[in-house]
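Here is a short report for a reader meeting this structure for the first time. Look over the sequence and the model, then read on.

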Amino acid sequence: MRNIVSTNAGSRVPDEYAEQVQALIEGERPDRKTEQGRDFYVRLYSFLAPDTGAQRWAVDYHDEASRELEEYDTEAEAEARYEEMVRDAATLMGEDRDGNLTRFTVTDVDGVPGPLPELPGIDTDDVSKLIDARSEEPVMYLERSEDGTGDELTLDVGPAADVSYYQVVLTRAEVLGHLGARDGDGGVQEWFSSSDIPEEDMFLLRSLTDAAMERRTRAADSLFLPAADPR
């Protein structure tokens with residue numbers, strides 16, 4: 001390994017060579033990449049060395065405070081270093097201002113927090129479905145698809161005992177409390193249903209959908225935690 005550019009260790013090659021390598025990879029499509037917003041990336045490139053024409057590989061690391069561009073003689077060494085840098089960076093990722101796990105926006109490394117799939121929408125019909133559910137402690141929750149890939153998220157309603165607490169975005173008990181209702185309030189009916197909601201209170205369902213929407217990311221996080229995450 002040779003340092004082409006290094007904020008921490010300094011360059012181990014002539015300035016002209018470093019400039020040539022940077023020019024070669026600049027604007028080129030990397031073989032592999034991991035990114036988080038605009039300020040962080042780790043990229044793997046293959047190129048022909050400007051002095052000998054031999055095949056070389058470069059791992060380019062950049063964050064707000066430093067840049068490390070390293071050259072390798074073999075693809076295996078570069079691949080290992082690339083994944084090491086990404087995994088090390090993943091251990092330092094905390095939570096965003098909403099308390100959700102900070103994730104890489106792009107990555108191809110297994111076991112690190114990559115981007116979440118598209119989150120399902122939630123509307124008042126979904127809340128009504130939750131109200132009308134007839135099971136013990138009904139909850140609305142996110143789950144991964146069962147199509148073999150598990151890379152899609154769906155919204156469902158079922159008993160709280162059947163799902164993890166972290167998957168839940170809304171509970172029936174929470175909805176009834178927000179509406180100031182309880183089972184038995186629907187006249188002779190044993191269960192309170194969505195048809196029992198007065199027209200003037202329907203706007204309350206919209207505020208409940210907003211609450212559920214805000215919880216989707218945390219619920220999704222619980223389904224896509226990195227393998228090494230103790231949670």
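Glu 137 sits in the loop between helix 3 (124–131) and strand 6 (138–144). Helices (H or I, at least four residues) and strands (E, at least two) are DSSP runs, numbered from the N terminus. Glu 137 is not a glycine, yet its phi is positive, about 50 degrees. Glu 137 is exposed, with a relative accessible area of 57%. Here buried means under 20% relative accessible area, exposed over 50%, and partly exposed in between (1.4 Å probe, protein chains only).

This is a predicted model: local features need pLDDT of at least 70, side-chain atom pairs count only at pLDDT 80 or more, and totals for chains, interfaces and linings use all residues. Residues are numbered from 1 along each chain as its sequence is written, and side-chain values use heavy atoms, leaving out hydrogens and water.

Five strands form an open sheet in the order 1-5-4-3-2, with antiparallel pairing. Strand 1 (2–6) and strand 2 (32–36) stand at the edges with a single partner strand each, so one side of each has no neighbour in the sheet. Neighbouring strands are turned by 20 degrees against each other on average, direction ignored. Two strands pair if DSSP finds at least two bridges between them.

| Strands | Direction | Bridges | Residues standing opposite |
|---|---|---|---|
| Strand 4 and strand 5 | antiparallel | six | Trp 57 and Tyr 72 |

Strand 4 (residues 55–62) and strand 5 (residues 67–72) are joined by six bridges. They form a hairpin with four residues between them. How many residues of strand 5 are buried? Six of the six are, so strand 5 is largely enclosed by the rest of the structure. Both of its faces are covered. Arg 67, Leu 69 and Glu 71 are buried on one side, and Glu 68, Glu 70 and Tyr 72 on the other.

**The helices on the sheet**

Helix 2 (residues 75–91) lies across strand 2, strand 3, strand 4 and strand 5. Helix 2 runs at about 175 degrees to strand 3. Axes are lines fitted to C-alpha atoms, for helices over the stretch in contact, and angles run from 0 to 180 degrees between N-to-C directions.

Helix 1 has Tyr 17, Ala 18, Val 21 and Ile 25 as its buried residues. Seen down the axis of helix 1, they fall within an arc of 100 degrees, so they line one face. That arc is taken from the directions from the helix axis to the C-beta atoms. Their cover includes strand 1, strand 3, strand 4 and strand 5. The face turned away from the buried side carries the exposed residues Asp 15, Glu 16, Glu 19 and Ala 23. Gly 27 follows helix 1, with a positive phi near 85 degrees.

**Two buried residues**

Ser 193 lies in the loop between helix 4 (172–179) and helix 5 (203–214). Ser 193 is buried, at 9% relative accessible area. Ser 193 touches Ile 131, Asp 132 and Arg 134, not counting residues up to four places away in sequence. Contact means heavy atoms within 4.5 Å.

Asp 221 belongs to helix 6 (residues 216–223). Asp 221 counts as buried at 6% relative accessibility. Leaving aside neighbours within four places in sequence, Asp 221 is in contact with Asn 100, Leu 101, Arg 103 and Leu 116.
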